[in-house]
Amino acid sequence: MSPFDRLEWPLRRYWIDIAWWAFAIANLVAMALWPSWETVPFHFIWVSLTLLYGFRVWKMGPTTLTLAFVVVLTGWVLFHDFLGGFQLPGELTEVPLMAAMFLASVWHAQRRLTALRDAQRVSEQNLRLLEQGQAFVQDASHELRTPITIALGHAELIQRTSSDPVAAQDATVVVEELQRLRRLAERLVMLASADRPDFLRRTRIDLEPMILNLARRWSVTPRRWSLVRLDDAPIFGDPDRLELAFDALIENAVKHTSPQDRIDLSVVRTGARVSISVADTGDGIAPEDLGRIFERFAKATTVSGDRARDGSGLGLAIVKTLVEAHRGTIEVESEIGRGSTFRVTLPVATDATEPDGQRPPLPPPERSPGKQTAIDDAVADDEAQEVAADAVRDAESITETVGRQP
């Protein structure tokens, strides 16, 4: 342990101040002992005081007291030497000039300190507002889930058991709107929890079976589906979150296409990066909307020029949040009337990106034909997904279904 570490408070805290006072007193003694050379120690005192204040920035009380002591002591020594005939009268003007220089540095330092404190206060206020906003969204979304679930259960019961066609039709409308509210609440919870450290549960993922599974799920929706390319590209991430992001991109493509349009899925590996693309030949996105479609509650302009009414405007915002949480990027290319291409780029998994260098086993590929019994309700949105949910129970394997597309 060094001698400096053994110093107790307040010596450790104020050691630089104490050292300066010792330096100033030594220079005062030099001024008194060598009157003909007193200009050098005089300026040493004032320049060192200005430098020390820039480093310490005392409060106004200690600053005023220190300035008064230095003015009085240096002025007294100069006046004493003037009386002894060692200095000219003009040297006495050095004291107020040096004091004015020091006061100018005090003014600038105090302004900067005030600005820093204001910036810190604003930053703390913004942080509190952000935390309060996230807490409010999360709490409100959680509180909405229970009444929505209860109301949805009653509406579905009326829809199934009502013998009155009008009542059944009204119940269907209520069910659809309640499902929309539930999806909105779930998406708000996800966005509010995106900054939590446990938001992702990372593991090694093979993209090929994931994309095949998504294609099989959506292939029953009447579109011209195509798997353009599926490169072998394992990544490291949360399989549930990533599937949710890709599902939202496909849902967006379905929503903006018609049955005769084409939707292409591809996985292309380039070095240490892999790109997952969802391309369609649908409506396209207006150029003025390309910069804002990933914002929350943003909706693009349709071909007719109207703002899209379907959906919550959170799907692409969730995609961007999930992709960036995986240290990836997302970009879009689009042209009105010719379609859009959304491209997600992620880092390929390596031993260096996995904890402790361990490689979890790859999930088995899901290539066998089978029936898909449900669609993840968290990414469902609009009428296109509801149609898929009804038809997907009778879906066959992806190879057979895609083979029958016109």
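View 1. At 10% relative accessibility, T66 counts as buried; buried means under 20% relative accessible area, exposed means over 50%, and partly exposed lies in between, using a 1.4 Å probe and protein chains only. This is a predicted model, in which local features need pLDDT of at least 70 and side-chain atom pairs count only at pLDDT 80 or more, while totals for chains, interfaces and linings use all residues. Residues are numbered from 1 along each chain as its sequence is written, and side-chain values use heavy atoms, with hydrogens and water left out. T66 belongs to helix α3, residues 60–83. Helices (H or I, at least four residues) and strands (E, at least two) are DSSP runs, numbered from the N terminus. Which residues does T66 touch, not counting residues up to four places away in sequence? They are W20, W21, L49 and W58, where contact means heavy atoms within 4.5 Å.

**View 2. The five-stranded sheet.** Here you can follow an open sheet of five strands in the order β2-β4-β5-β7-β6, with mixed pairing. Its edge strands, β2 (224–230) and β6 (329–335), each pair on one side only. Neighbouring strands of this sheet are turned by 10 degrees against each other on average, with direction ignored. Two strands pair if DSSP finds at least two bridges between them. Strands of a sheet pair through backbone hydrogen bonds, either parallel or antiparallel.

**View 3. Strand β5 and its two partners.** Seven of the eight residues of β5 are buried, so the strand is mostly covered. On to its partners: eight bridges join β4 to β5, and these two strands run antiparallel. Within this pair, V268 has S275 of β5 as its bridge partner. The hairpin of β4 and β5 has two residues between the strands, and its G271 takes a positive phi near 65 degrees. Strand β5 (residues 273–280) is also joined to β7 (residues 339–347) by seven bridges, again antiparallel. Look for S275 opposite T345 in β7, and for V278 opposite F342 in β7.

View 4. β6 and β7 pair in the antiparallel sense over seven bridges. I330 has V344 in β7 as its bridge partner. Three residues lie between the strands in this hairpin, where G337 takes a positive phi near 85 degrees. Leaving out residues up to four places away in sequence, T341 touches V278, A279, E331, V332 and E333.

View 5. Helix α7 (residues 239–255) lies across β2, β4 (262–270), β5, β6 and β7, running at about 170 degrees to β7. Helix α8 (residues 315–325) packs on the sheet too, touching β6 and β7, and its direction makes about 145 degrees with that of β6. The axes of α7 and α8 come within 9 Å and cross at roughly 145 degrees. Axes are lines fitted to C-alpha atoms, for helices over the stretch in contact, and angles run from 0 to 180 degrees between N-to-C directions. The contact is made by residues including L244, A248 and L249 of α7 and L316, V319 and L322 of α8. In the loop between α8 and β6 you will find R327, whose phi is near 60 degrees, a positive value in a residue other than glycine. Most residues other than glycine have a negative phi.

**View 6. The nonpolar cores.** The largest nonpolar core has 42 residues, and those with the most contacts inside it are F246, V274 and L346. A nonpolar core is a set of buried Ala, Val, Leu, Ile, Met, Phe, Trp, Tyr and Cys residues joined through side-chain atoms within 4.5 Å. Which element gives the largest share of this core? That is α7, with nine residues. Leaving aside neighbours within four places in sequence, V274 is in contact with residues including L207, V267, V344 and L346. Apart from this core lies another, of 21 residues, among them I45, L49, M98 and A99.
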